[in-house]
Amino acid sequence: MTEIDDRAALKLAIETYSAWDIGCAEQIKALMRRDGWPRAAVFAASCCQSDVLDLKPWQIPPCHILNADNPDDGLGPDQPGPASDGRHQAAQLLRRMLALGVSKYHPDPLAAIEAAEKRAR
Amino acid sequence: MPRRSSADLSVIQLNAGASRLRPPASLSEAERTVFVDLVSTNKPEHFQPSDMPLLVRYCEATALGDLAAEHLRTEGAVIGGRPSPWIVVQEKAVRSMLGLSMRLRLSPQARAPNNPSRQRATSAYERLRLTDDRD
């Protein structure tokens, strides 16, 4: 399995989110100044994944799953619950991503999975 | 959202904050009401001056849609055995509103989070769930 490059994925997430519009670009810059690069980048990854996977606002993107084998890990009691927050689907997607060497922070998980599967053939 | 009276519209907003766009003089009374309702119920920074052309078109379409709806309510959808011409007017007005509301980020989908992207019939998670159910 190839080494997963989380930093490259996070950089791509920031670029992708910043490209949405000037408001997003300004928002990410402000987040980087206030909270630092890593947190701002994870925020960008979360937004990009939620958008490209067409998630509802309360659904969890793959980058927020701490343990792909147990999606309940790290999720607080205020989460809606597995019936509606998509944690199992997020974990399922994350397992596929990790198995193919795709970073959990990739802003477009499905495209990255498809590209990795093509390379593997 | 109830329509505001002309007296209410003439009241100066004390808590203007960041300046909101003001309706251009070219708007009719009905269009002006839509404009003020819209601008005053969104954050001041939601609309930029560069949004004005789109915003004006949206207000025109909304007012026209309302007018068409009123005609259809009072005159009926069929007049003299033929479909009312207001049906086409309403359809076109609604179509304009749909397109403009996405670009002005007025629709729920467009509001979260600065979302410029296309819509799919089902989300990736729903498709995964469907796949699981069939296995």
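The crossing of helix 3 of chain B and helix 4 of chain B is left-handed, a term used if the near helix is turned anticlockwise from the far one by less than a right angle, with right-handed used if it is turned clockwise. This is a predicted model, in which local features need pLDDT of at least 70 and side-chain atom pairs count only at pLDDT 80 or more, while totals for chains, interfaces and linings use all residues. Residues are numbered from 1 along each chain as its sequence is written, chains are lettered from A and ligands numbered from 1 in the order in which they are written, and side-chain values use heavy atoms, with hydrogens and water left out.

Helices (H or I, at least four residues) and strands (E, at least two) are DSSP runs, numbered from the N terminus. Two packed helices are described by the angle between their axes and the distance between the axes. Axes are lines fitted to C-alpha atoms, for helices over the stretch in contact, and angles run from 0 to 180 degrees between N-to-C directions.

| Helix pair | Angle | Distance between axes |
|---|---|---|
| Helix 3 and helix 4 (residues 85–103) of chain B | about 150 degrees | 8 Å |
| Helix 2 (residues 29–40) and helix 3 (residues 52–75) of chain B | about 120 degrees | 8 Å |
| Helix 1 (residues 6–20) and helix 2 (residues 22–35) of chain A | about 135 degrees | 6 Å |

The angle of about 150 degrees makes helix 3 of chain B roughly antiparallel to helix 4 of chain B; angles under 35 degrees count as roughly parallel, over 145 as roughly antiparallel, 65 to 115 as roughly perpendicular and the rest as oblique. The residues of the contact between these two helices, where contact means heavy atoms within 4.5 Å, divide into 14 nonpolar, six polar and three charged. Here Ala, Val, Leu, Ile, Met, Phe, Trp, Tyr, Cys and Pro count as nonpolar, Asp, Glu, Lys and Arg as charged, and the others, Gly among them, as polar.

Helix 2 of chain B packs on helix 3 of chain B at about 120 degrees, which makes the two oblique to each other, and the crossing is right-handed. Among the residues in this contact are Val34(B), Phe35(B) and Leu38(B) from helix 2 and Leu55(B), Tyr58(B) and Cys59(B) from helix 3, and the residues of the contact divide into ten nonpolar, one polar and two charged.

Chain B as a whole has six helices and two strands, which run α-α-α-β-β-α-α-α from the N terminus on. Of its 135 residues, 31% count as buried, meaning under 20% relative accessible area, with exposed over 50% and partly exposed in between (1.4 Å probe, protein chains only).

In chain A, helix 1 and helix 2 pack at about 135 degrees, and this makes them oblique. Ile14(A), Tyr17(A), Ser18(A) and Trp20(A) of helix 1 meet Cys24(A), Ala25(A), Gln27(A), Ile28(A) and Met32(A) of helix 2, a contact whose residues divide into seven nonpolar, two polar and no charged.

Cys24(A) is buried at 0% relative accessibility, and its sulfur is 7.7 Å from the closest cysteine sulfur, in Cys47(A), too far for a bond. Cys47(A) is also buried, at 8%, and its sulfur is 6.9 Å from that of Cys48(A), the closest cysteine sulfur to it and too far for a bond. Over all chains the structure holds zero disulfides, a disulfide being a pair of cysteine sulfur atoms within 2.5 Å.
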